[in-house]
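The sequence and structure are displayed below, and the discussion follows the display.

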Amino acid sequence: MKQQIDAIIERHYQSVYGYCAARLRDREAAKDCTQEVFLALVRKQKKLKALEDIRPWLYRAADLAMLEYRRKNAKYIAVADEDLERLCETVLPDYAEDCLRELLTEEEYSLIRAHYLQGRSMRELSEQLAVSEDAVKQRISRIRRRIAAALNPQTERGERNDG
């Protein structure tokens, strides 16, 4: 089993690190998150069924490690669409839903859910809300900025960490 774990780490370490580095734009944070992924692999190796097809699990673990890193360090100023989508998919069922409900109005919360969880297009949302697609894009952009500011209080002061 140890040889199999070592082989997985050797085969996937650089790609998981590259994935984290591209998303976090901070090499040290990427190293920390990558280390967390492989520590989780070692801890959970007995529970994992198919170590041969471990790649999807590693990337999901990386997504969760990056979300946890961001939450703990609160130093990121942007929330990319794919990050918000992952946040909704992986975290909302547990505790982020309550946070978003406190941060957003019911209308804003419904719009974010419709777009990111239900996959509704800008056109569909504009028809539903009886506003232009540009207006929908603006609303989503404002909501994303508020979420980014809540995840990173430093953004309100204009501080930035580009790593």
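Ala29 belongs to helix α2, which spans residues 27–44. The coordinates come from a predicted model. Because its relative accessible area is 0%, Ala29 counts as buried. Between Ala29 and Met66 the sequence separation is 37 residues, while the C-alpha to C-alpha distance is 8.3 Å.

**Overall architecture**

The protein chain holds 8 helices and 0 strands, and its pattern along the sequence reads α-α-α-α-α-α-α-α. It comprises 163 residues, of which 37% count as buried. Among contacts in the chain with a separation of 6 or more, 63% are between residues 24 or more positions apart.

**Helix α1 and the residue that follows**

Helix α1 covers residues 2–24 and has a kink of about 50 degrees, centred on His12. His12 is also one of the buried residues of α1, a set that consists of Ile5, Ile8, His12, Val16, Tyr17, Tyr19, Cys20 and Leu24. An α-helix has 3.6 residues a turn, so residues three or four places apart point the same way. Among the buried positions of α1, Ile5, Ile8, His12 and Val16 occur in that order.

Arg25 follows α1 and is placed in the loop between α1 and α2. Although Arg25 is not a glycine, its phi is positive, about 55 degrees. Its relative accessibility is 57%, so Arg25 counts as exposed.

**Packing of helix pairs**

Two packed helices are described by the angle between their axes and the distance between the axes. The table gives these quantities for two pairs.

| Helix pair | Axes come within | Crossing angle |
|---|---|---|
| α2 and α3 | 9 Å | roughly 125 degrees |
| α6 and α7 | 10 Å | roughly 150 degrees |

How are α2 and α3 oriented to each other? Their axes cross at roughly 125 degrees, and α2 and α3 are therefore oblique to each other. The crossing of this pair is right-handed. Classified by type, the contact of α2 with α3 has 13 nonpolar residues, 3 charged residues and no polar ones. Helix α3 itself extends over residues 55–73.

The second pair joins α6, residues 106–117, and α7, residues 122–129. Angles over 145 degrees count as roughly antiparallel; α6 and α7 are therefore roughly antiparallel to each other. Their crossing is right-handed. Helix α6 contributes Leu111, Ala114 and His115 to the contact, and helix α7 contributes Met122, Leu125 and Leu129. By class, the contact of α6 with α7 has 5 nonpolar residues, 1 polar residue and no charged residues.

Ala130 sits in the loop between α7 and α8, the latter covering residues 133–151. What is phi of Ala130? The value is near 60 degrees, which is positive in a residue other than glycine.

Definitions and conventions. Residues are numbered from 1 along each chain as its sequence is written. This is a predicted model: local features need pLDDT of at least 70, side-chain atom pairs count only at pLDDT 80 or more; totals for chains, interfaces and linings use all residues. Side-chain values use heavy atoms; hydrogens and water are left out. Axes are lines fitted to C-alpha atoms, for helices over the stretch in contact, and angles run from 0 to 180 degrees between N-to-C directions. Helices (H or I, at least four residues) and strands (E, at least two) are DSSP runs, numbered from the N terminus. Angles under 35 degrees count as roughly parallel, over 145 as roughly antiparallel, 65 to 115 as roughly perpendicular and the rest as oblique. A crossing is left-handed if the near helix is turned anticlockwise from the far one by less than a right angle, and right-handed if clockwise. Contact means heavy atoms within 4.5 Å. Ala, Val, Leu, Ile, Met, Phe, Trp, Tyr, Cys and Pro count as nonpolar, Asp, Glu, Lys and Arg as charged, and the others, Gly among them, as polar. Buried means under 20% relative accessible area, exposed over 50%, partly exposed in between (1.4 Å probe, protein chains only). The bend at a residue is the angle between axes fitted to the seven residues ending there and the seven starting there.
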